[in-house]
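I opened the notebook to look up a few contacts and one patch of surface. Here is what I wrote down, entry by entry.

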Amino acid sequence: MKKKVILIVIIILLLILLFPIPMRLRDGGSIRFQALLYNVTIYHQLNHQTESGYVDGIGIEILGAKVLNTVDKKIETVTTTEERIKLSDLKIRQEGVDTNKLVKFNNTIYGQSYGLIDYAGDINKTIGQIDYLIEEEYLPQINGETNCAEFFGAGVLEANEKVMVLNINNVAVLFRTIENSNIRKTNGELLFEKCGENEENNSITYNSFVGTVLEETTTYVIVEPNEDEEERKTADKIRVNFGVDHLDYLYGIGRKIIINYSGYIKETYPAQIESDDILIDGYKEFELIVKEAESKNKSKILNNMELYKNNSDYDLYYVGFEEVNIVIDNKTMSLEEALRTGKMTIDGILAKANQDVSDGKIKSDMIKDGGTTEWYYDDYNIVKKHTLNGDRDVYILRADLKNRDI
């Protein structure tokens with residue numbers, strides 16, 4: 001009797017492990033036979049780049065390892081027929097959006113938003129589909145194209161000039177438009193021509209300014225432009241309409257933010273512009289210029305909470321410098337002035353240092369004192385304290401000095 005029970009259990013386990021369950025994929029008609037140990041996919045994917053409109057093939061995975069996929073080579077062959085633009089050759093800027101995971105629909109490029117939505121429409125009613133997959137290192141160039149496998153086969157629920165919603169595995173996911181002005185070549189040139197730039201009285205301008213948040217909701221924010229901004233000559237209060245609902249996200253009353261916008265300022269009161277391209281950590285493109293001192297004296301510059309009351313409580317110091325200046329948009333000012341006026345933040349400086357490490361431009365070390373990090377540049381070093389005794393201060397040091405010299 002016991003042997004008979006064991007035999008039955010073994011048969012049931014084999015059925016579970018080996019018996020496949022058919023699943024239809026949302027990519028044009030592919031069918032996947034899924035078992036616990038393996039899966040076999042009969043591909044029939046929509047693809048407007050092929051003569052038939054589809055790519056067919058077969059894929060086999062065993063224990064998660066790809067054994068066979070005849071579709072990959074076909075997609076690669078199709079992809080190489082088009083001249084592709086690499087993301088590494090571009091600088092794409094869009095706050096609140098993953099600029100590496102892109103889709104193109106209705107001649108508009110969208111990036112996956114970090115925001116969440118509670119979609120009220122019919123999740124099964126689509127107006128189109130993301131039906132062509134390219135390699136992740138490239139910019140989508142044709143409608144229905146994506147460089148992210150996660151989005152391939154997703155149905156388009158809604159799309160306009162500001163946002164798009166995709167059905168990804170029966171979840172409504174928010175995407176936001178990446179404006180053409182925010183897609184530039186590494187030399188700073190626009191990738192796409194400005195609309196109407198050669199037409200008198202019909203040109204589109206691209207500007208940015210720093211303003212202090214006076215009032216905000218999840219759909220707009222009212223700011224007071226800095227005294228030195230051109231926009232201050234137009235109005236002392238500007239309402240920035242997002243065009244989308246930020247749901248529970250707020251910037252914070254009293255915080256300085258950077259607003260990037262195109263077009264004209266509406267002459268109402270408060271004046272109004274349309275933009276959802278807002279930076280909270282200062283301008284991302286900048287250069288630090290330092291002037292060394294003969295001594296190694298330490299100078300306290302400011303406390304981070306002086307810049308915004310809800311910031312983390314730590315101090316910024318210079319060590320071994322007479323001056324530390326910053327260049328933003330070909331304009332030079334002291335770093336202290338840039339920080340106090342909101343053109344730069346300490347968090348933005350540290351974020352750029354981490355990015356420079358990721359890009360292989362500089363090196364860094366983490367010290368075994370609780371998590372202090374040191375970044376090494378040619379003309380200076382940066383230290384962000386994170387010690388067990390609670391020290392969180394930031395230091396900009398002469399290049400021949402290190403954390404141990406503080």
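**Entry 1**

I looked up E306 and found a salt bridge with R340, the closest N and O atoms being 2.9 Å apart. This pair links distant parts of the chain, with E306 in helix α3 (residues 304–307) and R340 in helix α4, 34 residues apart. I noted the criterion: a salt bridge is a side-chain nitrogen of Lys or Arg within 4 Å of a carboxyl oxygen of Asp or Glu. Helices (H or I, at least four residues) and strands (E, at least two) are DSSP runs, numbered from the N terminus.

A reminder to myself on provenance: this is a predicted model, where local features need pLDDT of at least 70 and side-chain atom pairs count only at pLDDT 80 or more, while totals for chains, interfaces and linings use all residues. Residues are numbered from 1 along each chain as its sequence is written, and side-chain values use heavy atoms, with hydrogens and water left out.

Next I checked exposure, where buried means under 20% relative accessible area, exposed over 50%, and partly exposed in between (1.4 Å probe, protein chains only). E306 is partly exposed, with a relative accessible area of 44%, and R340 is also partly exposed, at 36%.

**Entry 1: two more bridges**

I turned to K343, which forms a salt bridge with D228; their closest N and O atoms are 2.8 Å apart. K343 sits in the loop between α4 (335–340) and α5 (346–358), D228 in the loop between β17 (220–225) and β18 (238–241), and the two are 115 residues apart. K343 counts as buried at 10% relative accessibility, whereas D228 counts as partly exposed at 48%.

Then I looked at D276 and R176, whose side chains meet in a salt bridge (3.2 Å, N to O). D276 lies in the loop between β20 (271–274) and β21 (277–279), R176 in strand β14 (residues 171–177), 100 residues apart. D276 counts as buried at 11%, and R176 counts as buried at 9%.

**Entry 2: the wider search**

How many salt bridges does a search of the whole structure find? I got 18. I also noted a network of salt bridges that links E224, E227 and R232.

Last, I looked up L37, which is in the loop between β2 (31–34) and β3 (38–46). L37 is partly exposed, with a relative accessible area of 31%.
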